[in-house]
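Let's learn to read a few features of a protein model, one at a time.

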Amino acid sequence: MPRMIDWPTCTAAERDPEGVNVTGVFRGSRVPIGALFENLEDGVAVGEFAQLFPGATLAQARAVRAHAAHSALAIA
């Protein structure tokens with residue numbers, strides 16, 4: 001069974017204050033982490049994502065993407 005990404009160790013992410021989103025949200029916002037990956041899959045650049053979702057900063061989006069990539073390498 002594959003391991004899940006350890007989001008609590010990512011400084012740019014936190015649990016949804018309302019407890020709605022399992023994977024969490026960008027710290028200080030209600031923007032779901034999953035929205036970043038859905039947009040990346042659709043070809044949206046990280047900088048454009050930050051413009052589309054002003055609750056998430058460009059630095060946070062980059063940090064989340066890097067955390068996920070690092071976690072994927074650790075799992076492999």
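Q: What makes two aromatic rings a pair?
A: Rings of Phe, Tyr and Trp (its six-membered ring) pair if their centres lie within 6.5 Å; planes under 30 degrees apart count as stacked, over 60 as edge-to-face and the rest as tilted. A pair of aromatic rings is described by the distance of the centres and the angle of the planes. Here, ring pairs join Phe26, Phe49 and Phe53 into a cluster.

Q: What kind of model is this?
A: This is a predicted model: local features need pLDDT of at least 70, side-chain atom pairs count only at pLDDT 80 or more, and totals for chains, interfaces and linings use all residues. Residues are numbered from 1 along each chain as its sequence is written, and side-chain values use heavy atoms, with hydrogens and water left out.

Q: How many aromatic pairs does the structure hold?
A: It holds two. The ring centres of Phe26 and Phe49 are 5.8 Å apart and the planes are at 40 degrees, so this pair is tilted. Phe26 is in strand 2 (residues 25-26) and Phe49 in helix 2 (residues 46-52), 23 residues apart. Helices (H or I, at least four residues) and strands (E, at least two) are DSSP runs, numbered from the N terminus. Phe49 and Phe53 form a stacked pair, with 4.7 Å centre to centre and 25 degrees between the planes.

Q: Is Phe49 buried or exposed?
A: Buried means under 20% relative accessible area, exposed over 50%, partly exposed in between (1.4 Å probe, protein chains only). Phe49 has a relative accessible area of 0%, so Phe49 is buried. Phe53 is at 25%, so Phe53 counts as partly exposed.

Q: Which residues touch the most other members of the largest nonpolar core?
A: In soluble globular proteins, nonpolar side chains tend to be buried together. A nonpolar core is a set of buried Ala, Val, Leu, Ile, Met, Phe, Trp, Tyr and Cys residues joined through side-chain atoms within 4.5 Å. The largest core has 16 residues, and Trp7, Phe26, Phe49 and Val64 touch the most other members. Helix 1 (33-41), helix 2 and helix 3 each give two or more residues to this core.

Q: Which residues form the salt bridge?
A: A salt bridge is a side-chain nitrogen of Lys or Arg within 4 Å of a carboxyl oxygen of Asp or Glu. The structure holds one. Glu14 pairs with Arg27, and the closest N and O atoms are 3.3 Å apart. Glu14 lies in strand 1 (residues 13-14) and Arg27 in the loop between strand 2 and helix 1, so the pair ties together parts 13 residues apart in sequence.
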